[in-house]
Amino acid sequence: MDRWADSPVSLSERQRLVRRSIRDICEGYDRAYWRRKADDGEYPHEFVDDLAADGWMGLLIPEAYGGAGFDTPEAVVMMEEIAASGGGFSAAQAIHGGIYNSVPLVEYGSEALKTELLPKLASGEQSVQAFCLTEPNAGSDSTAIETTAEQEGDEWVVNGQKIWISRVDVSDYAVLVARTTPKEAVEKRTRGISMFLVDLDDAVEQGGLTYESIPKSASEFVHSYQVWFDDLRLPESALIGEEGAGFYQVLDGLNEERLVIAAEAIGLGELAIERGVAYANEREVFGRQIGQNQAIQHPLAEAYAHVQAAKTMVYAAADAVAAGDTEMVGAWANMAKFLAATAAFEAADAAVQTHGGFGVATEYDVERYLREARLTRLVPITQQLALNYVGETVLGLPRSY
């Protein structure tokens, strides 16, 4: 089943190049590889190293700093292809941070920082896989973060706690978001938040950083952590961009990242449908293939239609981002994420149902796809928050939160 054969999406030459190159790498990692990684909870170092060796960790880093110099249209192709290859949403998430956490450095980092670090990130020699934003008392409301960074001489002293921070164990650096001015001392709650680059090894050696893994039921090989900062000292140069403008720096890349998450969900949906169709054609009950039964055909066909519709929205929005059409990008990004996550869950559920009792057997993989698809409805924002955005911004309804 060629997932591009009947696709309504037309790809540029650069997108086709990305698709071919990523597909070639992914073909070296079959479903058994990803199943082992999930069973063992082991990060896919081999896969990530292969991507890095071909320069794909520098997808969004400018060519002047050793990167590929690509943009959102190429990123959605790459991440969809990785998810659809057999690794699912988790495989894409294994490198997601390493690619997207470089963007704040490109956009706001000093020239000295960019010259020193970006070539190493582009080559895979070093990585910025972790983004420290979410807190126990500040999930979707980022302005409520309580982690502080106070200036003492030529250093910043950081204290606080973060939660659901992924890939800390496989990262050299983390991007940290902290309050540099108390919330009660700023005119707008969105001010007084700043962004920092943290050398994780140095932070641990100082005794200023500790972390603890969070057991979870999805994305088993992409580990998530609680993180504590205790008088962590950062050099003045660790500040990324303008002090107090970190909230806006975070917002700047959210729409593009939501589109990439949506593409990862699309790839997962395509993978689930592919497995469901294959099993429906192979499995015989009462003397005929179960795929002859409309009770099997219709859920798969309906899920396929919804995945393709969501895919059209994702790629159209990615093209709009690249063209600089900013007026509706926020709405499109949120709608794309909502539609892709919904379609992925529908596809994974149909694949599990097609497999019958084997749908919950780990050797068939579809139960993992279902758990991952459920996760896409929660991250990076919930479906309800995506709808809130559309309701308020597009439909002109009153703000609900």
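Let's start with Lys311 and Glu80: both residues are buried, where buried means under 20% relative accessible area, exposed means over 50%, and partly exposed falls in between (1.4 Å probe, protein chains only). Their side chains meet in a salt bridge, with N and O 2.9 Å apart. By salt bridge I mean a side-chain nitrogen of Lys or Arg within 4 Å of a carboxyl oxygen of Asp or Glu. This pair links distant parts of the chain, with Lys311 in helix H10 (residues 294-322) and Glu80 in helix H4 (residues 72-100), 231 residues apart. When I say helix or strand, I mean DSSP runs numbered from the N terminus: H or I of at least four residues for helices, E of at least two for strands.

A quick word on what you are looking at. This is a predicted model, in which local features need pLDDT of at least 70 and side-chain atom pairs count only at pLDDT 80 or more, while totals for chains, interfaces and linings use all residues. Residues are numbered from 1 along each chain as its sequence is written, and side-chain values use heavy atoms, with hydrogens and water left out.

Back to our salt bridges. How many are there by this rule? The count comes to 19. One of them joins Arg191 and Glu242, whose closest N and O atoms are 3.8 Å apart. Arg191 lies in the loop between strand S4 (173-179) and strand S5 (193-199), and Glu242 in the loop between strand S8 (239-240) and helix H8 (246-252), so this pair ties together parts that are 51 residues apart in sequence. Arg191 is partly exposed, because its relative accessibility is 32%.

Now have a look at Glu372 and Arg368, another salt bridge, at 3.1 Å from N to O. Both of these residues are buried. They are separated by about one helical turn, because they sit 4 residues apart in helix H12 (residues 366-376). Salt bridges can also share partners, and that is how Glu13, Arg16 and Arg20 are joined into one network.

Let's move to surface patches. These are made of residues with over 30% relative accessible area and no salt bridge; like charges are joined within 9 Å, and nonpolar side chains (Val, Leu, Ile, Met, Phe, Trp, Tyr) within 5 Å. Which residues form the negative patch? They are Asp199, Asp201, Asp202 and Glu205. Helix H7 (residues 200-206) gives the largest share of that patch, 3 residues. Asp202 lies in helix H7, and Asp202 counts as partly exposed because its relative accessible area is 36%.

There is a nonpolar patch too, about 280 Å² in area, made by Val394, Leu395 and Leu397. Val394 belongs to helix H13 (residues 383-394), and at 35% relative accessibility Val394 counts as partly exposed.

Two more residues before I stop. Is Thr143 buried or exposed? Thr143 counts as buried, because its relative accessibility is 3%. You will find Thr143 in the loop between strand S1 (130-132) and strand S2 (148-152). Its side chain makes a polar contact with the side chain of Asp141, at 2.6 Å. A polar contact is a pair of N or O atoms within 3.5 Å; within protein, one must be able to donate a hydrogen and the other to accept it, and residues adjacent in sequence count only if both atoms are side-chain atoms.

Finally, find Glu107 in helix H5 (residues 103-108). Glu107 and Ile240 are 133 residues apart in sequence and 9.3 Å apart in space, C-alpha to C-alpha.

Notes. Accessible areas come from the Shrake-Rupley method with a 1.4 Å probe; for residues, only the protein chains shown count as cover. Lys and Arg count as positive and Asp and Glu as negative; His and the chain ends are not counted. The place of a charge is taken as NZ of Lys, CZ of Arg, CG of Asp or CD of Glu.
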